[in-house]
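Open the model in your viewer and keep the selection panel at hand. The stops below say what to pick next.

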Amino acid sequence: MSSAATASTDTFKEVRAAWSTLTFYERFEEIVALILTALIGLVVVAAVLNLTYRIVMLLVVGLLDPAEHSVFQAVFGMIFTVLIALEFNHSILGVLKRGDSIIQVRTVILIALLALARKFIILDATKVEPLTIIGLAAAILALGAVHWLVRDQDRKDNRGNPVSEGASA
């Protein structure tokens, strides 16, 4: 946890140091990104507390049986939700740290892939139409292909930039 706090502190120091060189709109983006980071952080804390409470209650009542499919689905669905929120928050902090534009296609695709993976984990295949499962699988394949294309394009773009090459590997 201390490394995450240190990274956040370093990011905020970098933003403050660069503040005077930013344009009005870049300052606006930085402020919005900081507010979103704080709000998502609050959501993550609330989700973790809720998840902890539910797991403790399941343990106390004796209903936490990992072999029970519905319990497994519910617990891992909640865990994946927290992971998705953390990844989203991490991507916003990355924007602050690197000074890149707000929209990062690769990050959006990865978050969408995480959300679809979560959907497959919590999905009860006996109660879902086969066409829905096929649609979700097609969405994952399409997102995977787009991620591969974006990653491949990033590698091609970074070939001429020796500073970025080490970071993108």
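The tour goes from one glutamine to the nonpolar cores and then to a helix.

This is a predicted model, so local features need pLDDT of at least 70 and side-chain atom pairs pLDDT 80 or more, while totals for chains, interfaces and linings use all residues. Residues count from 1 along each chain as its sequence is written, and side-chain values use heavy atoms, without hydrogens or water.

**Stop 1: Q73.** Select Q73, in helix 3 (residues 69–98). Helices here are DSSP runs of H or I, at least four residues, numbered from the N terminus. Is Q73 buried or exposed? Q73 is buried, because its relative accessible area is 8%; buried means under 20%, with a 1.4 Å probe and protein chains only. Now show what Q73 touches: I121, I122, L123 and D124, leaving out residues up to four places away in sequence. Contact means heavy atoms within 4.5 Å. The Q73 side chain also reaches the backbone oxygen of I122 at 3.3 Å.

**Stop 2: the cores.** Select V15, A33, I40, V44, V82, A85, I92, L93 and L96. These nine residues form the largest nonpolar core, a set of buried Ala, Val, Leu, Ile, Met, Phe, Trp, Tyr and Cys residues joined through side-chain atoms within 4.5 Å. Helix 2 (24–61) and helix 3 each supply at least two of its residues. Helix 3 gives the most, with five. Another core, of six residues, lies apart from it and includes I109, L136, L143 and V150.

**Stop 3: helix 5.** Select residues 130–158. In helix 5, the buried residues are L136, L143, H147, V150 and N158.

Note on methods
Buried < 20%, exposed > 50% of the residue type's maximum accessible area, 1.4 Å probe, protein only. Polar contact = N/O pair within 3.5 Å; in protein donor to acceptor, adjacent residues only side chain to side chain. Expected span 1.5 Å × (residues − 1).
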